[in-house]
Amino acid sequence: MEHDTHTHHEHDAHTHHEVRAHTHDTGGKVTWSMAAQATLHCLTGCAIGEALGMVIGTAFGWGNVPTMVLAIVLAFVFGYSLTLHGVLKAGVDFGTAFRVALAADTLSIAVMELIDNGVIALWPDAMDAQLADLLFWGALAISLAIAFVVTTPVNKWMIGRGKGHAVVHQYHH
């Protein structure tokens, strides 16, 4: 019995060490592929929320500021929700899963939203485009692509320090 307990503790320690080292599977180096995958995960939630917010605000004829605020709020909601869903599937309690989602995604979503909304705000006439306009969808797609490119190095830096999406990896088996 004592041996089983010792083995269990060794397993926990090994699992914890493995989790911390997971981002260093490539000889201590975080690859661009790892960073891009984390950013793509973030982009998925952001894009859903961003597009939905822009569509709702534009469809209801809201002004630029309320539309952008809704888009940003929904980007965070959907971004966190995707991570939360994955962590909860691993059997973690909601409070822990919520803290993991916040730790994993906050900076990534914030950078993505800053870049995405900055591009849209600065793009001539993009904020005044309607749902049927190619400019509406084109500016949104290009702004998200630029946000992906800018956010990927941020995620690479964070994962390399055991933060951001590195926190989530312990819940994926």
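**Notebook: a predicted helical model**

I began with Ser-108. Leaving aside neighbours within four places in sequence, I found Ser-108 in contact with Cys-42, Thr-151 and Asn-155. This is a predicted model, so I kept an eye on confidence throughout.

**Entry 1: Ser-108.** Where does Ser-108 sit? I found Ser-108 in helix 4, which covers residues 94-122. Is Ser-108 buried or exposed? Its relative accessibility is 0%. Buried means under 20%, so Ser-108 counts as buried.

**Entry 2: the overall fold.** The protein has five helices and zero strands. Reading along the sequence, I wrote down α-α-α-α-α. Of its 173 residues, 37% are buried.

**Entry 3: Ala-59.** I picked one pair to follow up. Ala-59 and Leu-131 are 72 residues apart in sequence. In space, their C-alpha atoms are 7.3 Å apart. Ala-59 belongs to helix 2, residues 32-59. Is Ala-59 buried or exposed? I read 54% relative accessibility for Ala-59. The cut-off for exposed is over 50%, so Ala-59 counts as exposed.

**Entry 4: a nonpolar patch.** Which residues make the nonpolar patch of about 340 Å²? I listed Val-65, Val-69, Val-73 and Val-77. I checked Val-65 on its own. Val-65 lies in helix 3, residues 64-89. Its relative accessibility is 60%, so Val-65 counts as exposed.

**Entry 5: confidence.** I left the confidence check for the end. The mean pLDDT of the protein is 82. I noted that 80% of its residues reach 70 or more. Which helix has the lowest confidence, and which the highest? Helix 1, residues 2-21, is lowest, at a mean of 38. Helix 5, residues 134-160, is highest, at 94. Over residues 1-27, pLDDT stays under 50. For that stretch, the model has twelve contacts beyond four places in sequence. Where pLDDT is low, the predicted coordinates should not be read in detail. I marked residues 1-27 in my notes as the stretch with pLDDT under 50.

Terms used
Residues are numbered from 1 along each chain as its sequence is written. This is a predicted model: local features need pLDDT of at least 70, side-chain atom pairs count only at pLDDT 80 or more; totals for chains, interfaces and linings use all residues. Side-chain values use heavy atoms; hydrogens and water are left out. Patches are made of residues with over 30% relative accessible area and no salt bridge: like charges are joined within 9 Å, nonpolar side chains (Val, Leu, Ile, Met, Phe, Trp, Tyr) within 5 Å. Accessible areas come from the Shrake-Rupley method with a 1.4 Å probe; for residues, only the protein chains shown count as cover. A salt bridge is a side-chain nitrogen of Lys or Arg within 4 Å of a carboxyl oxygen of Asp or Glu. Helices (H or I, at least four residues) and strands (E, at least two) are DSSP runs, numbered from the N terminus. Buried means under 20% relative accessible area, exposed over 50%, partly exposed in between (1.4 Å probe, protein chains only). pLDDT is the predictor's confidence in each residue, from 0 to 100. Contact means heavy atoms within 4.5 Å.
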